[in-house]
Amino acid sequence: MMSDCVKLPLDFEKPSTDRLYELKICRVKPSCLDDYLQLTKDKYHLRKAHSKLIGLWLTDVGAVDETVELWEYDSLSHRASVEAALGADLTWELEYTSTAHHHLSCRHNQLLALPWGSVASEPIAEGGVYQLCSLQARPDSSVGRLYLKKFAALTKLHKELITERKVGKLIAVFTTQIGSCDTVYQLWNYKNVDDILVVKKALENEPSYKDLDIFTVTTRLMQPLQHVSPLL
């Protein structure tokens, strides 16, 4: 397990592992949400048999009626082989996808690298809440990949504040390899949902924050799907 005292790198140019991570977001039709979640709880072991699921969450704030999945692959070719195997898996098709697709209104995915953190990290508290932050560099800030250094500094500051208060932890940060390549992600875990706004206010009051505020930030509060998500 990654220790909270491990220092963040000065930038996130180099991944800490060669593995790739697929972030998949599925928007569920509101009238189908309960059926979709139950189907997923009952049958997702069929999908997990093909590759490693890191976490599966249901969004609560920032987006509703969405699930967020994080999958691990050895490489792009590994992912391609998994997709081919899923396409040939008749049990998966008949028992899950043939029904699940009717419950969804859209799906979106990106392939990510992991420059810091450990997706094997344990949650800080039983029953805590996860926050996925998507930070997109504004057009005038991405020249020379300056935004990665700013992102690293902003993440370090945020991590120091959350660690000092003992209210949460940084699970991992991700950079986009295929998708919106000026977008980076932070996955946080908090003991209590109210602590998120306390830390946010403290972050914005830091003198150095203004210089690091070059991102358009989108956040989702998420709860892990019990009996499915390895990262609880």
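Tutor: A residue is called buried when its relative accessible area is under 20%, exposed when the value is over 50%, and partly exposed in between. The model before us is predicted.

Student: Is glutamate 72 buried or exposed?

Tutor: The relative accessibility of glutamate 72 is 10%. Buried means under 20%. Glutamate 72 therefore counts as buried.

Student: How many residues apart in sequence are the parts that arginine 19 and glutamate 72 tie together?

Tutor: The side chains of arginine 19 and glutamate 72 form a salt bridge, at 3.5 Å from N to O. Arginine 19 belongs to the segment before β1, whereas glutamate 72 belongs to strand β3, so the parts tied together by this pair are separated in sequence by 53 residues.

Student: By about how much of a helical turn are lysine 200 and glutamate 204 separated?

Tutor: Lysine 200 and glutamate 204 form a salt bridge, with 2.7 Å between the closest N and O atoms. Both residues lie in helix α6, 4 residues apart, which means a separation of about one helical turn.

Student: Which residue's side chain does that of glutamate 66 meet in a polar contact of 2.9 Å?

Tutor: Glutamate 66 lies in strand β3 and, at 2% relative accessibility, counts as buried. Beyond its neighbours within four places in sequence, its contacts include Trp57, Thr59 and Arg220. The side chain that makes the polar contact of 2.9 Å with glutamate 66 belongs to arginine 27.

Student: Why are the buried residues of α6 on the same side of the helix?

Tutor: The buried residues of helix α6 are Asp195, Ile196, Val199, Ala202 and Leu203. They lie on the same side of α6 because the arc that they cover around the axis is only 130 degrees.

Student: Which residues are exposed on the other side of α6?

Tutor: The buried residues of α6 are covered by elements that include β5, α5, β7, α7 and β8. On the other side of α6, the exposed residues are Asp194, Leu197 and Lys201.

Technical notes. Residues numbered from 1 in each chain as written. Predicted model: local features only at pLDDT ≥ 70, side-chain atom pairs only at ≥ 80, totals over all residues. Heavy atoms only, no water. Buried < 20%, exposed > 50% of the residue type's maximum accessible area, 1.4 Å probe, protein only. Helix = DSSP H or I, 4+ residues; strand = E, 2+ residues; numbered from the N terminus. Arc of directions from axis to C-beta. Contact = heavy atoms within 4.5 Å. Polar contact = N/O pair within 3.5 Å; in protein donor to acceptor, adjacent residues only side chain to side chain. Salt bridge = Lys/Arg side-chain N within 4 Å of Asp/Glu carboxyl O.
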